[in-house]
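Please keep the sequence and the 3D view open while reading.

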Amino acid sequence: MNFENPLISGVLIKRYKRFFADVKINDKIITVHCPNTGSMKGLLTQGNKVWVSKSNNIKRKLTHTLQIIEVENNKVGVNTHLTNKIVHEALLGNKIKDFSENLKITTEKKFNDNTRFDFLIEKGSKKSFIEVKNVTLSRKSNLAEFPDSITSRGAKHIKELVEAIKLGFDSYLFYVVQREDCGEFAIAKDIDPDYSNLLTMAIKKKVKIICFDCKFTSKGIKLNNRIKLLLND
């Protein structure tokens, strides 16, 4: 998944009102779009190195988008709008061994009046829903965690994936760790115990879990290695 334009380096000043961040670039402070609704816990220290991209949309009020924050020399992708594109590219390229080749892929597929899943994939009579989650949190060396704040929306998706299984679909939760420094993944039970309990229940109901880290290049981000899921007791 390539960036729209080459990245520009800067320094984080602050993030505020969820979708805004001030970034210093070449001694000038500009306000950029922050495409992440999460808490971004552990990422927002003033002075962190960041990378932004300039939009080709001349009608945009904010001309630049925050893409990456560097924490202790590790790059973290914060643009949640890219997460599905990263997975879609991997599905099209047959990079995920859980799924066969020559899939029919539908994005943003409606499941019911209240829920759309990120992907419906079909191969013959087999149909599977995939819900994708972006992961940025790491509080311990080599360990990525989700969520970084209480997520009622995430809880709803787990419940709906279980319902989909009852209707004959396969269901997948796909955690995309937009980092290169984590070889393991776990649910942050102390942050959202309800989400953790729901996921434990869902796994017993045959919801499948996939976790990958990402590889950063100067041009873009792509899925890299599958990483180990650590289940809570």
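## Cavities

A cavity is a set of points, on a 1 Å grid over the protein atoms alone, where a 1.4 Å probe fits but cannot get out; a pocket is an open set with protein on both sides within 12 Å along at least five of seven lines; lining residues have an atom within 4 Å of a point. Grid points are joined across faces, edges and corners, and a volume is the space filled by probe spheres set on the points. This is a predicted model, in which local features need pLDDT of at least 70 and side-chain atom pairs count only at pLDDT 80 or more, while totals for chains, interfaces and linings use all residues. Residues are numbered from 1 along each chain as its sequence is written, and side-chain values use heavy atoms, with hydrogens and water left out.

The structure holds two cavities of 30 Å³ or more.

## The largest pocket

The largest pocket has a volume of about 680 Å³. It is lined by 29 residues, and Thr 37, Thr 80, Lys 133, Asn 134 and Arg 153 are the closest to its centre. By class, the lining has eight nonpolar, 13 polar and eight charged residues.

Four elements each supply at least two lining residues: helix H1 (83-92), strand E9 (126-135), strand E11 (142-146) and helix H2 (152-166). Helices (H or I, at least four residues) and strands (E, at least two) are DSSP runs, numbered from the N terminus. E9 gives the most to the lining, with five residues.

## Helix H2

H2 has 15 residues, which should span 21 Å at 1.5 Å a residue; its end C-alpha atoms are 22 Å apart, which agrees. The expected span is 1.5 Å times one less than the number of residues. Gly 154, Ala 155, His 157, Ile 158, Glu 160, Leu 161, Val 162 and Ala 164 are the buried residues of H2. Buried means under 20% relative accessible area, exposed over 50%, and partly exposed in between (1.4 Å probe, protein chains only). The cover over these buried residues includes strand E7 (104-112), strand E8 (115-123), E9, strand E12 (170-177) and helix H3 (193-204).

Ile 165 also lies in H2. Ile 165 counts as partly exposed because its relative accessibility is 23%. Leaving aside neighbours within four places in sequence, Ile 165 is in contact (heavy atoms within 4.5 Å) with Ser 171, Lys 205, Lys 206 and Val 207. Just after H2, Gly 168 takes a positive phi of about 100°.

## Nonpolar cores

A nonpolar core is a set of buried Ala, Val, Leu, Ile, Met, Phe, Trp, Tyr and Cys residues joined through side-chain atoms within 4.5 Å. The largest has 27 residues, of which Phe 129, Leu 173, Tyr 175 and Phe 185 touch the most other members. Elements giving two or more residues to this core are E8, E9, E11, H2, E12, strand E13 (182-187), H3 and strand E14 (208-216). H2 gives the largest share, five residues. A second, separate core of 25 residues includes Met 1, Ile 68, Leu 91 and Val 132.

Beyond its neighbours within four places in sequence, Phe 185 contacts residues including Val 135, Leu 143, Phe 146, Tyr 175, Cys 211 and Ile 227.

A cis peptide bond joins Phe 146 and Pro 147, with omega about -5°. Pro 147 is in the loop between E11 and H2. Asn 142 is in E11. Asn 142 is partly exposed, with a relative accessible area of 35%. The C-alpha atoms of Asn 142 and Glu 180 are 38 residues apart along the chain and separated by 9.2 Å.

Two residues other than glycine have positive phi: Lys 17, near 50°, and Asp 27, near 70°. Lys 17 is in the loop between strand E1 (8-16) and strand E2 (20-25); Asp 27 is in the loop between E2 and strand E3 (28-33). Lys 17 counts as exposed, at 68% relative accessibility. Asp 27 is exposed too, with a relative accessible area of 72%.

Conventions: Nonpolar A, V, L, I, M, F, W, Y, C, P; charged D, E, K, R; others polar.
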